[in-house]
Amino acid sequence: MPDSARSRSLLEKHGGQASPLVTIDGVLLATIQESLSDAGVRRLRTDVGARLAVGAHRGLVVDASGVDTMDSFITRSLRDLAVGAKLMGVRTIVCGLRPDVVDALVEMGLDLVGVETVTTLDRALAAFREV
Amino acid sequence: MRSRALSSQEAGTTETYRQLQAIIGRHLSALTVGSLLGQALDRAGLSASALQRADLVTLLPLLERGARLFMRSQADVDEALQAVRRLMSTDRGRSSPPARGSAFPRARASSSERAPAASSVRPAPDAVAKGEPRLELSPPVVVLIRAEEDIVKARVEARRLAESLGASSTVQTHLATMVSELARNIVLYAGAKGTLALAALAPPAVGVSITARDQGAGILNLAEVFSGTYRSRQGMGLGLRGVRKLASYFEIDTAPGKGTTVRAQLRM
Ligand SMILES: Nc1ncnc2c1ncn2[C@@H]1O[C@H](COP(=O)(O)OP(=O)(O)OP(=O)(O)O)[C@@H](O)[C@H]1O
Ligand SMILES: [Mg+2]
């Protein structure tokens with residue numbers, strides 16, 4: 001994918017791990033990597049913001065199925081990302097949260113209030129097709 | 001000569017140390033007590049002049065080893081260890097507070113703990129503690145927390161240990177989440193100078209103990225943090241409370257300028 005290749009090279013320039021960004025049918029898809037570092041989280045937010053600002057994206061899907069641990073910082077970052085995108089007029093759906101991760105979030109009293117979530121990536125993309 | 005040496009040593013010890021002396025001293029001679037405690041402290045990297053209630057979790061397995069060696073019967077060993085465990089868990093939360101300066105001082109847990117006069121408004125310093133600690137199996141895995149990347153390292157180690165103990169993926173995730181919170185706090189608030197130690201619990205308990213230790217500024221508003229009214233600028237102010245919720249045992253030892261030690265255990 002030219003998009004993801006471009007985003008990766010952009011990210012590598014800044015060091016650290018890239019979360020691939022691709023556009024599918026006008027929807028920006030961000031796939032979060034497994035061992036998400038704090039730097040990786042911040043980069044994701046910056047990159048997604050930059051991409052949304054220039055492109056005429058219909059939506060943003062954040063695929064969190066690769067994430068094995070979400071603590072309060074990562075949760076908040078994800079929420080900020082979604083809320084930020086929404087403020088830019090871009091509907092955002094987070095998909096693929098693992099049951100274990102959800103369990104830990106709930107136990108800790110964390111949540112993703114105001115964030116649209118669905119189980120799978122297919123459902124997330126389908127949600128944009130329906131519109 | 002000798003008594004002078006002893007008394008000056010005595011003066012340089014903490015109350016917790018002297019309480020241990022008293023407990024072990026019920027079963028052994030003063031000389032043996034000194035050597036047993038000295039060896040246990042050495043191995044744990046602790047000292048009689050700085051020993052706090054919170055260190056007892058680390059010390060207990062070593063004390064047990066020493067007690068087995070020196071004491072006459074298993075009943076004596078059990079009794080002594082039981083007393084040490086009581087020392088760890090007494091005077092916590094709403095359990096009736098002893099008079100100031102009694103043989104059971106509170107564990108160092110609050111910024112204002114060192115203030116001479118206790119105010120009744122301030123919640124008990126150990127109101128944040130939760131549960132009963134279990135014995136740890138040494139040696140722990142220690143992850144140095146020096147930079148942001150070490151948070152991921154600590155999470156990976158936590159998962160690895162939990163997995164090796166046969167923990168479910170839910171438990172692994174809980175543990176990794178707790179570790180992530182504590183490691184990040186060290187990075188954010190303690191100048192990235194700290195350690196995160198992970199150890200399996202001693203059987204019959206099954207689980208992991210986490211000790212996050214740093215030499216940062218300490219948590220000055222501990223009561224507020226745990227009251228649920230606290231909102232931090234950097235985060236949601238939910239990290240420590242979340243860790244406590246996930247933990248089966250939780251304790252914080254912090255003082256201004258002296259750093260912070262969080263001990264948590266997760267039993268499976
Ligand atoms: N190791 C530490 N040393 C010094 N201060 C600390 C330490 N850990 C926490 N604190 C203080 O306690 C507060 C609460 O910590 P806690 O982890 O509960 O929330 P937070 O880090 O502010 O936000 P969150 O964890 O939800 O992202 C912090 O804001 C910080 O002021
Ligand atoms: Mg925190």
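Which residue of chain B forms a salt bridge with Asp71(A), and how far apart are the closest N and O atoms? The partner is Arg184(B), and the closest N and O atoms of the pair are 2.2 Å apart. This is a predicted model, and its scores are ipTM 0.85 and pTM 0.68.

**The interface**

Between chain A and chain B the rule finds four salt bridges. On the side of chain A that touches chain B, the elements giving two or more residues are α2 (38-54), α3 (72-87) and α4 (99-108) of chain A. The residues of that side divide into nine nonpolar, six polar and nine charged. Twelve residue pairs, both at pLDDT 80 or more, are in polar contact between the two chains.

In terms of contacts, 24 residues of chain A meet 24 residues of chain B. Thr69(A), Asp100(A) and Met108(A) supply 30% of the area that chain A buries against chain B, more than any other three residues. The area buried between the chains is about 2000 Å², and carbon and sulfur atoms give 51% of this area.

**Confidence in chain B**

Chain B has a mean pLDDT of 80, and 80% of its residues reach 70 or more.

| Stretch of chain B | pLDDT | Contacts in the model |
|---|---|---|
| Residues 1-6 | below 50 | one contact beyond near neighbours in sequence |
| Residues 92-124 | under 50 | 61 contacts beyond four places in sequence |

Where pLDDT is low, the predicted coordinates should not be read in detail.

Terms used. Residues are numbered from 1 along each chain as its sequence is written. Chains are lettered from A and ligands numbered from 1 in the order in which they are written. This is a predicted model: local features need pLDDT of at least 70, side-chain atom pairs count only at pLDDT 80 or more; totals for chains, interfaces and linings use all residues. Side-chain values use heavy atoms; hydrogens and water are left out. Contact means heavy atoms within 4.5 Å. Buried area is the accessible area (1.4 Å probe) that two parts lose on being put together, summed over both. A salt bridge is a side-chain nitrogen of Lys or Arg within 4 Å of a carboxyl oxygen of Asp or Glu. A polar contact is a pair of N or O atoms within 3.5 Å; within protein, one must be able to donate a hydrogen and the other to accept it, and residues adjacent in sequence count only if both atoms are side-chain atoms. Helices (H or I, at least four residues) and strands (E, at least two) are DSSP runs, numbered from the N terminus. Ala, Val, Leu, Ile, Met, Phe, Trp, Tyr, Cys and Pro count as nonpolar, Asp, Glu, Lys and Arg as charged, and the others, Gly among them, as polar. pLDDT is the predictor's confidence in each residue, from 0 to 100.
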